[in-house]
Amino acid sequence: MFEKSSWIRLPRNVVVGHDVLDDAVEVVADVHLAGRPLVVTSPTPKEVAADGLVAQFEEAGHDPVVTVVEEATFSSVEQVLAAAEEADAGFLVGVGGGKAIDIAKMAADELGVGFVSVPTAASHDGIVSGRGSVPEGDTRHSVSAAPPIAVIADTGVLADAPWELTTAGCADIISNYTAVKDWRLANRLKNVTYSEYSAALAEMTAELLVDSAGSIKPGLEESAWMVVKALVSSGVAMSIAGSSRPASGAEHLFSHQLDRIAPGKALHGHQVGVGTILVEYLHTGENGDWTAVRDALDTLDAPTTADDLGITDEEVVEALTHAHEIRDRYTILGDGISEEAAIEAATRTDVI
Ligand SMILES: NC(=O)C1=CN([C@@H]2O[C@H](COP(=O)(O)OP(=O)(O)OC[C@H]3O[C@@H](n4cnc5c(N)ncnc54)[C@H](OP(=O)(O)O)[C@@H]3O)[C@@H](O)[C@H]2O)C=CC1
Ligand SMILES: O=C(CO)COP(=O)(O)O
Ligand SMILES: [Zn+2]
């Protein structure tokens, strides 16, 4: 008897374009969210977008409240839960980069209320995903959470954000190449659940972005448009998979380990981009596709070396040799690679 079942949870409204932030009240009404909005944001996105959004909700008689989070931690989730309880919030609106959106998403999931995602930077593919990524001690959890009911991605805001945030988003997409390779490997060797549809979508998203790399330029709203569409598509791949597998493999474990070893030095997307060069080398060898990955990152102005990331050679080697310890996720790293192998990979690829 066939007994398999799966849930694919996706956003209802994905609104992308120029000045769409002005339509927030309408978007919220369209998905029937009711009650007091709790706006979850972080310091810069508050000024860039959340203050204006709050004024809009006030004008519409929604009586919004705001809470500002500083870090992507479980204690930030607790802070938001307490604020929501105190305000008796009807739904949550996450305004910011990956940090604010992840925290709002997880808190809304815990509360069982609706969540609206308002990215202020095209810097990560968690904008629509049903995941939250949170460090805790020596590990980093990829937490399941309901995806946003609605996404409001204002391309004017995204294009005005610092260019390096957009290049970080591009690199987060390029990492799908190695993430999918790791996923297929884990499926073959460890029988990990695998979805060909999800993997194909994740790979195609990276392919389309790389094909357009030459026309993605700073300050152009059309470029923000192309990148955010790719980020949405990659998030949908995660929702189809029911895990971050199509968008997060060994290159992400490397980045998560760097967050512990060299905190605050570089953006998530930039770290995973450099990780993708290294992991592609490990998958395909000296004459493999890592040069194409490096060239694509270079064309997009994204970092390709330890120097570009502002980290030391030793930190790269330490992150690569300890990446497999981040979580129980089988990748090309297996149960860890030796220091010699890490130095070889990083040297051959000119990362160090
Ligand atoms: N759930 C998922 O599926 C995924 C989750 N992630 C997670 O997302 C995070 C990475 O996202 P990222 O956006 O890089 O990190 P942050 O949210 O930390 O944002 C990066 C920086 O950009 C600033 N910023 C945001 N918007 C603007 C703007 N419009 N103008 C100027 N500055 C701005 C932030 O300000 P401030 O300091 O004030 O916040 C912050 O300093 C990681 O925690 C990662 O694990 C990544 C991919 C997928
Ligand atoms: O960053 C991610 C995808 O780009 C997801 O990260 P996690 O695997 O930690 O959830
Ligand atoms: Zn990522």
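I count two residues as in contact if their C-beta atoms, placed from the backbone, lie within 7 Å. The model I am reading is predicted.

**Entry 1. His268**

I looked up His268 with that cut-off in hand. Leaving out residues up to four places away in sequence, I found that His268 touches Gly98, His124, Ala168, Asp172 and Ser255. His268 belongs to helix H11, residues 268–284. Is His268 buried or exposed? I put the line for buried at 20 or more other C-beta atoms within 10 Å. His268 has 25 C-beta neighbours inside 10 Å, so I noted His268 as buried.

I turned to the UniProt record next. Its unreviewed entry places a "binding site" at Asp172, His252 and His268. Why do I say that they gather at one spot? They span 97 residues in sequence, yet no two of their C-alpha atoms are more than 9.0 Å apart, so I treat them as one spot.

Then I checked His252. I found His252 in helix H10, residues 250–261. His252 counts as buried, because 30 C-beta neighbours lie inside 10 Å. Setting aside neighbours within four places in sequence, I listed Ser175, Ala179, Val272 and Gly275 as the contacts of His252.

Two packed helices are described by the angle between their axes and the distance between the axes. I took both for this pair. The axes of H6 (residues 163–174) and H11 come within 7 Å and cross at roughly 40°. I therefore call H6 and H11 oblique to each other. Their crossing is left-handed.

**Entry 2. H6 against H8**

I stayed with H6 and looked at helix H8, residues 196–211. H6 and H8 pack at an angle of about 135°, with their axes 8 Å apart. On the H6 side I noted Cys170, Ile173 and Ile174. On the H8 side I noted Thr205, Ala206, Leu209 and Val210. This contact divides into 6 nonpolar, 1 polar and no charged residues.

I went back to the record. The unreviewed UniProt entry also lists a "binding site" with Gly98, Lys99, Ala100, Ile101, Asp102, Thr120, Ala121, Ala122, Ser123 and Ser129.

I picked Ala121 from the list. Ala121 sits in the loop between strand E5 (114–119) and strand E6 (131–136). With 28 C-beta neighbours inside 10 Å, Ala121 counts as buried. Beyond four places in sequence, Ala121 touches Gly97, Leu158, Ala161 and Leu165.

Ser129 lies in the loop between E5 and E6. I found 32 other C-beta atoms within 10 Å of Ser129, so Ser129 is buried. Which residues does Ser129 touch, not counting those up to four places away in sequence? I read off Pro147, Gly235, Met238 and Ser239.

**Entry 3. Pro11**

Pro11 and Pro147 are 136 residues apart in sequence and 6.2 Å apart in space, C-alpha to C-alpha. I found Pro11 in the segment before strand E1 (13–17). Pro11 is buried, with 24 other C-beta atoms within 10 Å. Its contacts, apart from residues up to four places away in sequence, are Val128, Pro147, Pro148, Ile149, Ala150 and Val151.

**Entry 4. Positive phi**

I ended with backbone angles. Asp88 has a positive phi of about 55° although it is not a glycine. Asp88 lies in the loop between helix H3 (74–87) and strand E4 (89–96). Asp88 is exposed, with 10 other C-beta atoms within 10 Å.

Asp350 also has a positive phi, of about 65°, and is not a glycine. I placed Asp350 in the segment after helix H15 (339–348). Asp350 is partly exposed, with 13 other C-beta atoms within 10 Å.

Terms used. Residues numbered from 1 in each chain as written. Chains lettered and ligands numbered in written order. Predicted model: local features only at pLDDT ≥ 70, side-chain atom pairs only at ≥ 80, totals over all residues. Helix = DSSP H or I, 4+ residues; strand = E, 2+ residues; numbered from the N terminus. Buried ≥ 20, exposed ≤ 12 C-beta atoms within 10 Å, placed from the backbone. UniProt positions renumbered as here; feature names shortened; annotations may be inferred. Axes fitted to C-alpha atoms, helices over the stretch in contact; angles between N-to-C directions. Parallel < 35°, antiparallel > 145°, perpendicular 65-115°, else oblique. Left-handed = near helix turned anticlockwise from the far one by under 90°. Nonpolar A, V, L, I, M, F, W, Y, C, P; charged D, E, K, R; others polar.
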